[in-house]
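Let's take a walk through a protein model together. Have the structure open beside you as you read, and follow along one stop at a time.

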Amino acid sequence: MAHTAHTNTRAARTLVCTAALAVALGGTLAGCKDPTVDAGTGSSSSSGASAPSGHAGKGSALAAVGDLTVKGRAPKTGYSRDRFGPAWADTDHNHCDTRDDILKRDLRQTSFRDGAKKCIVTSGTLADPYTGKKITYTRGASKVDIDHAVALSDAWQKGAAQWKDDKREDFANDPLNLLAVDSSTNRRKSDGDTATWLPPNAAYRCDYVARQVAVKKKYGLWVTSAERDAMRKVLGGCSDEKLPTG
């Protein structure tokens with residue numbers, strides 16, 4: 001009898017909670033769980049949020065999105081490119097600047113001004129990830145940019161404004177955050193994040209978003225709620241995509 005009474009009491013309490021919540025138009029009473037609260041995060045789910053379509057496997061980029069802090073975008077006040085150190089500094093001390101390091105990594109059929117040293121890239125061919133097209137690179141008449149996957153301005157507004165100068169310089173020259181890409185497409189991207197810009201080449205979007213997640217996780221940058229939802233939407237279609245490491 002005691003067990004039956006307890007069961008009936010619990011059922012009645014559930015009905016009362018449900019009715020009270022309906023009357024309150026989504027409000028939460030003490031002892032009642034609001035069904036709009038996500039059980040995994042304890043935060044209210046946005047009506048515009050897109051749930052991932054795939055399972056977030058351990059170690060995947062999709063799973064890593066959940067590790068990112070969600071906050072509003074801070075003001076751009078005080079930002080300039082100079083706040084991230086000199087352009088293309090030799091932070092890895094290999095006696096080649098960062099731009100040439102990335103050209104050497106991403107181009108094929110490369111030639112070099114300095115022969116055996118293989119530092120200053122003079123020509124090559126790029127399989128552009130943003131458009132899916134092949135681009136011929138010629139130094140001095142280049143249609144190739146080195147893009148920051150997480151734009152410096154975006155980083156500034158999501159945590160980098162509080163960093164020390166040397167951390168900002170490391171960020172600006174980290175190969176994890178750099179890609180050789182079509183210059184005109186890169187300039188259309190400007191400082192967009194995942195919520196506002198994705199590569200025209202849809203086949204590259206999973207790789208691109210995974211790279212942004214990896215960079216933001218590595219450096220402790222936050223994301224906006226719209227950005228987080230956009231990341232989950234893209235990566236939900238490739239839930240086994242791993243975080244890149246370089």
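Let's begin with Ser 80, which is partly exposed: its relative accessible area is 27%. Anything under 20% would count as buried and anything over 50% as exposed, so Ser 80 falls in between. Keep in mind as we go that this is a predicted model.

You'll find Ser 80 in the loop that runs between helix 2 (61-65) and helix 3. Now look for Ser 153. Ser 80 and Ser 153 are 73 residues apart along the chain, yet their C-alpha atoms are separated by 7.8 Å.

## The big picture

Zoom out for a moment. The protein has 8 helices and 5 strands. Follow the chain along its sequence and the pattern reads α-α-α-β-β-β-β-α-α-β-α-α-α.

How much of the protein is buried? Of its 246 residues, 41% are. The protein exposes about 13,300 Å², and carbon and sulfur atoms supply 54% of that area. Then there's the question of who touches whom: among contacts with a separation of 6 or more, 67% come from residues 24 or more positions apart.

## Helix 3, tucked inside

Next stop: helix 3. Why can we call this helix largely enclosed by the rest of the structure? Because 7 of its 9 residues are buried. The buried ones are Thr 98, Arg 99, Asp 100, Asp 101, Ile 102, Leu 103 and Asp 106.

So what does the covering? The cover over these buried residues includes strand 1 (108-112), strand 2 (121-127), strand 3 (134-138), strand 4 (144-148) and strand 5 (178-182). Take a look at the start of helix 3 too, where a side-chain oxygen of Asp 97 comes to within 3.1 Å of the backbone nitrogen of Arg 99.

## A closer look at Asp 101

Asp 101 sits in helix 3, which spans residues 98-106. This residue is buried, but it has no salt bridge. Which side chain of opposite charge is nearest to Asp 101? That's Lys 104, at 6.5 Å.

Who does Asp 101 touch? Leaving out residues up to four places away in sequence, Asp 101 touches Asp 92, Asn 94 and Cys 96. Remember that last name, as it comes back in the next section.

## Two disulfides

How many disulfides does the structure hold? There are 2. One of them joins Cys 96 to Cys 119, with the sulfur atoms 2.2 Å apart. This pair ties together distant parts of the chain, 23 residues apart: Cys 96 lies in the loop between helix 2 and helix 3, while Cys 119 lies in the loop between strand 1 and strand 2. Cys 96 counts as buried because its relative accessibility is 7%, and Cys 119 counts as buried at 5%.

Cys 206 and Cys 238 form a disulfide as well, and here the sulfur atoms are 2.0 Å apart. Again, distant parts of the chain are linked: Cys 206 is in helix 7 (residues 205-219) and Cys 238 is in the segment after helix 8 (225-235), 32 residues apart. Are these two cysteines buried or exposed? Both Cys 206 and Cys 238 are buried. The torsion about their S-S bond is about -105°, which means the disulfide is left-handed.

Methods. Residues numbered from 1 in each chain as written. Predicted model: local features only at pLDDT ≥ 70, side-chain atom pairs only at ≥ 80, totals over all residues. Heavy atoms only, no water. Helix = DSSP H or I, 4+ residues; strand = E, 2+ residues; numbered from the N terminus. Buried < 20%, exposed > 50% of the residue type's maximum accessible area, 1.4 Å probe, protein only. Lys, Arg positive; Asp, Glu negative; His and termini not counted. Salt bridge = Lys/Arg side-chain N within 4 Å of Asp/Glu carboxyl O. Contact = heavy atoms within 4.5 Å. Polar contact = N/O pair within 3.5 Å; in protein donor to acceptor, adjacent residues only side chain to side chain. Disulfide = S-S within 2.5 Å. Areas by Shrake-Rupley, 256 points an atom, 1.4 Å probe, with all protein chains shown as cover.
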